[in-house]
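Student: I have a model open and would like to learn how to read it. Could you walk me through it?

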Amino acid sequence: MMTYPEIAEKLRQEIRSGRIAPGSRLSARGIAEQYGVSYLTGNRALNLLTGEDLVSRRPRGGSYVNGDMKQSRLIGYSIEHYFQNAFNQTAGVFREMLLGEFRKRQYKVRMLSLNDWNSEWLGDLDALLFSHEITEEQKQVAQQLGIPVIQFYGERIWDHPFHQVVIDLESGFRELFRHVTPERFRRAVIVTGEDETLMRRGKLAERFLREAGFSSAHLEIVTADNVLPERNWPLWRDLGKRCRGAFIFTCGDYLAAGLLSALMTGELRIGRDVSLAGYDNLEEFGFLPFGKPLITAIGYSRRDVASAIAKLFQTLIQDPASMRCQTILKIPTRPVFRETMKPAATIGISGKSSGKNEIP
């Protein structure tokens, strides 16, 4: 028996090919009878198509295929360009997810560099997405365009009038640091960097550690001068000599990878003699310096972000009145426990694993 996503894909293809013409009426009952499934399955398939703007549902009036499906909206996508392969690898996963969400809705995309800011090049856009910090010039140009504008960049709410999708750090930090107490670890170390984003994460980690009861004598903050794994080897080796019994939090997974490489060359047992957690969960998105996911990390769903951005654009394009109020969508974070740290529930008072729920 077909699932509702499979049925939705069949209908999607028929709508886009013109076999189901614009204006045609669809019903959950009719879909259920055609594919030999339940009414609920047919209704779920119809909901998917409605969410992609292929179908409109009228109160007490049925569901109808939307107008000329050949008419596509054009989204400008302004993105930072990283030159390091590691950044490209992980950022590329999100880009593909986002472009996939746009394709579902028949949106076309124009990739913009940071210098593509003239009215002739931007004037035919139906909407604009920033994935970087917005300059004053870009802000003025975007306001003049009179189209929906969304920014997705980082973990803070920016002071501008555009719609924003932001990462909620506190949800994941609160859950991770619930497992970090002075009774379990003799000291705590925060590894941060000179970048404003890393420092903000470090301040939040420090707040939770102090609330947990770590005093200044048992809390150390270390600043790395480069985020890439191989650039801080002397710092990592020095830290590794004095971190037995400690919990270490790195404000980025690239920092965690470099530090973990140094720790693994010593006699420390990672996850037992020292526990380590990072931020971003990049190992789930293609950054695998050790060949498999090892690093306990706070992360967020890139797929949820891509879906949220696409749905928000759909709302703003369909209902221009919705542009009058600024929309701020917060994407929650959560910890993913791996070999470098076991949750407190799996550790006894003596520090030995209870065995039953031990992370391999």
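Tutor: Let's begin with contacts, meaning heavy atoms within 4.5 Å. Among the chain's contacts with a separation of 6 or more, 68% are between residues 24 or more positions apart. Before going on, note that this is a predicted model, where local features need pLDDT of at least 70, side-chain atom pairs count only at pLDDT 80 or more, and totals for chains, interfaces and linings use all residues. Residues are numbered from 1 along each chain as its sequence is written, and side-chain values use heavy atoms, with hydrogens and water left out.

Student: How many helices and strands does the chain have?

Tutor: Helices (H or I, at least four residues) and strands (E, at least two) are DSSP runs, numbered from the N terminus. This chain has eleven helices and 15 strands.

Student: What is the strand order in the open sheet of six strands?

Tutor: Two strands pair if DSSP finds at least two bridges between them. Here the order is 10-9-11-12-13-15, and the pairing is mixed. Strand 10 (219-224) and strand 15 (334-336) are the edge strands, each pairing on one side only. Strand 13 (residues 296-299) pairs with strand 15 in the antiparallel sense over three bridges, and Ala297 stands opposite Val336 in strand 15.

Student: Which helices touch these strands?

Tutor: Directions come from axes, which are lines fitted to C-alpha atoms, for helices over the stretch in contact; angles run from 0 to 180 degrees between N-to-C directions. Helix 7 (residues 169-177) packs on the sheet, touching strand 11 (246-250), strand 12 (275-279), strand 13 and strand 15, and its direction makes about 165 degrees with that of strand 11. Helix 10 (residues 253-264) lies across strands 9, 10, 11, 12 and 13, running at about 155 degrees to strand 12.

Student: How many disulfides does the structure hold?

Tutor: A disulfide is a covalent bond between the sulfur atoms of two cysteines. The criterion is a pair of cysteine sulfur atoms within 2.5 Å, and the structure holds zero.

Student: Is Cys243 buried or exposed?

Tutor: Buried means under 20% relative accessible area, exposed over 50%, and partly exposed in between (1.4 Å probe, protein chains only). Cys243 is buried, at 0% relative accessibility, whereas Cys325 is exposed at 56%. Of the 360 residues of the chain, 48% count as buried.
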